[in-house]
Amino acid sequence: MTITNKQSGTNVHEVADGIYRINTPVLYAGGIGAFSFNQYLIVDDDPLLFHTGLRKLFPLVREAVTSILPVDRLRYIALSHVEADECGSLNEWLASAPHSSPLCGTVAALISIGDLAERPPRTLADGETLLLGKHSVQWLDTPHLPHAWDCGLLMEESTRTLLCSDLFTQGGEGQPAVTESDILGPSERFRGEIDYFSHTRNARAMLERLAAAEPTTLACMHGSAWHGDGANLLRSLADAWDF
Ligand SMILES: [Fe+2]
Ligand SMILES: [Fe+2]
């Protein structure tokens, strides 16, 4: 793990071949305590950043990306759904990387990104695959899982990494960068305190579809990334729900 900003503790770690987690711990007042925001950089011919981080974190995330590759090489600035931690600094990235495009699902493009972003998005249909070089990502629509109509996830096929956004959100500072320990228990405790999931009746079917992709790395937006039998963990998450 490399610390890229001593003051904030922002750090980078390669969690799968060519996929880097950028982690910034934050401390919230009012009893929430420590939390973390991660972004994932896929280094390839067409580099992709999956979620931008909060707009106010942009200088820290840019500094971290710069430690891995020149920012103006970025080709895709991707997001799962429209929220500040997913795309708050989207326009700052588009300005810093002149050859980059927003990358999102069809619903996000239609309802938000086509209007909010300074350049039109590259839109991915459900099931569509995008080649980045050695890596390729498949877009999977997951409406309302865990929240937001426009929600979708990316599956990186060469490393079997599921870029799972807010699924398996864990509190705390997000260390270690990667764990093989249980993250379902901590993420369910967090969900018990903050009910950030929608209650879509299609959750189990969507989790089963994600499990069928057989990920071996789960790239969580909040907390540690995880290595292991992702299909089993996704099915355990479905079982943990009672709706
Ligand atoms: Fe979210
Ligand atoms: Fe998030």
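Mentor: Welcome! Arg 160 is found in the loop between β11 and β12. Please keep in mind that this is a predicted model.

Trainee: How many helices and strands does the protein chain have?

Mentor: There are seven helices and 15 strands.

Trainee: Why is Arg 160 called partly exposed?

Mentor: Buried means under 20% relative accessible area and exposed means over 50%. Arg 160 has 32% relative accessibility, so it counts as partly exposed.

Trainee: What makes the phi of Arg 160 worth a look?

Mentor: Arg 160 has a positive phi of about 55 degrees, yet it is not a glycine. Most residues other than glycine have a negative phi. His 144 also has a positive phi, about 70 degrees, and is not a glycine either.

Trainee: Where does His 144 lie, and is His 144 buried or partly exposed?

Mentor: His 144 lies in the loop between β10 and β11. Its relative accessible area is 31%, which falls between the 20% and 50% cut-offs, so His 144 is partly exposed.

Trainee: Which proline has its place in the loop between β10 and β11?

Mentor: That is Pro 146. The peptide bond from Leu 145 to Pro 146 is cis, with omega near -5 degrees. The bond from Gln 175 to Pro 176 is cis as well, with omega near 0 degrees, and Pro 176 lies in the loop between β12 and β13. Most peptide bonds are trans.

Trainee: Why is Ser 112 called buried?

Mentor: The relative accessible area of Ser 112 is 15%. Buried means under 20%, so Ser 112 is buried. Ser 112 is found in helix α4 and touches Val 82 and Val 107, leaving aside residues up to four places away in sequence.

Trainee: How do you know that the buried residues of α7 line one face of the helix?

Mentor: In α7, the buried residues are Gly 230, Ala 231, Leu 233, Leu 234, Leu 237 and Ala 238. Looking down the axis of α7, these buried residues fall within an arc of 165 degrees, so they line one face. They pack against β12, α5, α6, β14 and β15.

Trainee: How do you know that the radius of gyration agrees with a compact globule?

Mentor: A compact globule of 243 residues would have a radius of gyration near 18 Å, and the protein chain has 16 Å, which agrees. Of those 243 residues, 54% count as buried.

Key: Residues are numbered from 1 along each chain as its sequence is written. Chains are lettered from A and ligands numbered from 1 in the order in which they are written. This is a predicted model: local features need pLDDT of at least 70, side-chain atom pairs count only at pLDDT 80 or more; totals for chains, interfaces and linings use all residues. Side-chain values use heavy atoms; hydrogens and water are left out. Helices (H or I, at least four residues) and strands (E, at least two) are DSSP runs, numbered from the N terminus. The radius of gyration is taken over C-alpha atoms; the globule rule is 2.2 Å times the number of residues to the power 0.38. Buried means under 20% relative accessible area, exposed over 50%, partly exposed in between (1.4 Å probe, protein chains only). The arc is that of the directions from the helix axis to the C-beta atoms. Contact means heavy atoms within 4.5 Å.
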